[in-house]
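Have the structure open while you read, and follow along residue by residue.

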Amino acid sequence: MSKDSPDLVQGKRLLDGLKKAGFHFHRTEPGEDGPLLRQRLSGQWVDLVYIEGFSHNCYACRQRRSELIIPGQGLVERQVSGGALAVLGELSTWEAPS
C-alpha cells in the first residue's frame with residue numbers, strides 16, 4: 001500500500017470541502033483518474049470547476065446567471081486556472097452564493 005503525498009492529501013481535503021459546499025461532480029472520462037467536472041448552481045451564480053491533471057489543465061469560473069446582457073458588464077466575475085491545488089484552494093475561498 002502506498003502513502004499519499006502531502007499535496008494529494010491536501011487536494012482530497014479541498015475536494016471534500018467543496019462537496020460539503022454544494023458542488024456536485026462527475027468524471028468526464030472513464031477511470032478513477034478521469035477528469036472531474038464540478039458545478040454549483042445557486043441564486044444568481046454558476047460556479048464551475050474542471051480538474052484534468054494535478055499540476056496543470058485545471059480551471060474554475062464564477063459566472064452570473066442572467067438572460068439579460070448589460071453592455072460593459074461581463075457575466076464572468078471570477079476565474080482561476082493552473083494546477084489542482086491552486087484552483088481548488090482559490091475556489092474554496094468563494095462564498096457559497098445565497
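How many salt bridges does a search of the whole structure find? The search finds five, where a salt bridge is a side-chain nitrogen of Lys or Arg within 4 Å of a carboxyl oxygen of Asp or Glu.

1. **Ground rules.** This is a predicted model, in which local features need pLDDT of at least 70 and side-chain atom pairs count only at pLDDT 80 or more, while totals for chains, interfaces and linings use all residues. Residues are numbered from 1 along each chain as its sequence is written, and side-chain values use heavy atoms, with hydrogens and water left out.

2. **Overall layout.** The protein has two helices and five strands, and along the sequence they follow the pattern α-β-β-β-β-β-α. Helices (H or I, at least four residues) and strands (E, at least two) are DSSP runs, numbered from the N terminus. Of the 98 residues, 30% count as buried; buried means under 20% relative accessible area, exposed over 50%, and partly exposed in between (1.4 Å probe, protein chains only).

3. **Surface and contacts.** The protein exposes about 6600 Å², and carbon and sulfur atoms supply 52% of that area. Accessible areas come from the Shrake-Rupley method with a 1.4 Å probe; for residues, only the protein chains shown count as cover. Among contacts between residues at least 6 apart in sequence, 35% join residues at least 24 apart, with contact meaning heavy atoms within 4.5 Å.

4. Arg-40 lies in strand β2 (residues 36-42) and forms a salt bridge with Asp-47, with the closest N and O atoms 2.7 Å apart. The side chains of Arg-62 and Asp-47 also meet in a salt bridge (2.7 Å, N to O). Arg-62 lies in strand β4 and Asp-47 in strand β3, so this pair ties together parts that are 15 residues apart in sequence.

5. **How buried are these residues?** Asp-47 counts as buried at 0% relative accessibility. Arg-40 is buried too, at 4%, and Arg-62 counts as buried at 6%.

6. **A further partner for Arg-40.** A polar atom of the Arg-40 side chain lies 3.0 Å from the backbone oxygen of Ala-21. The side chains of Arg-40 and Asp-47 are joined by a polar contact of 2.7 Å. A polar contact is a pair of N or O atoms within 3.5 Å; within protein, one must be able to donate a hydrogen and the other to accept it, and residues adjacent in sequence count only if both atoms are side-chain atoms.

7. **A partly exposed pair.** Arg-78 forms a salt bridge with Glu-90, the closest N and O atoms being 2.7 Å apart. This pair links distant parts of the chain, with Arg-78 in strand β5 and Glu-90 in helix α2, twelve residues apart. Arg-78 counts as partly exposed at 29% relative accessibility, and Glu-90 does so at 27%.

8. **The largest nonpolar core.** Which members of this core touch the most other members? Of its 15 residues, they are Val-49, Ile-51, Ala-60, Val-87, Leu-88 and Leu-91. A nonpolar core is a set of buried Ala, Val, Leu, Ile, Met, Phe, Trp, Tyr and Cys residues joined through side-chain atoms within 4.5 Å. The elements giving two or more residues to this core are α1 (6-20), β3 (45-51), β4 (58-64) and α2 (84-91), and α2 gives the most, with four residues. **The inner side of α2.** The buried residues of α2 are Ala-84, Val-87, Leu-88 and Leu-91. They cover an arc of only 90° around the axis, which puts them on the same side of α2; the arc is that of the directions from the helix axis to the C-beta atoms. These buried residues pack against α1, β3, β4 and β5 (76-82).

9. **Leu-37.** Leu-37 sits in strand β2 and counts as partly exposed at 31% relative accessibility. Leu-37 and Phe-25 are twelve residues apart in sequence and 5.4 Å apart in space, C-alpha to C-alpha. Leaving aside neighbours within four places in sequence, Leu-37 is in contact with His-24, Phe-25, His-26, Thr-28, Val-49 and Tyr-50.
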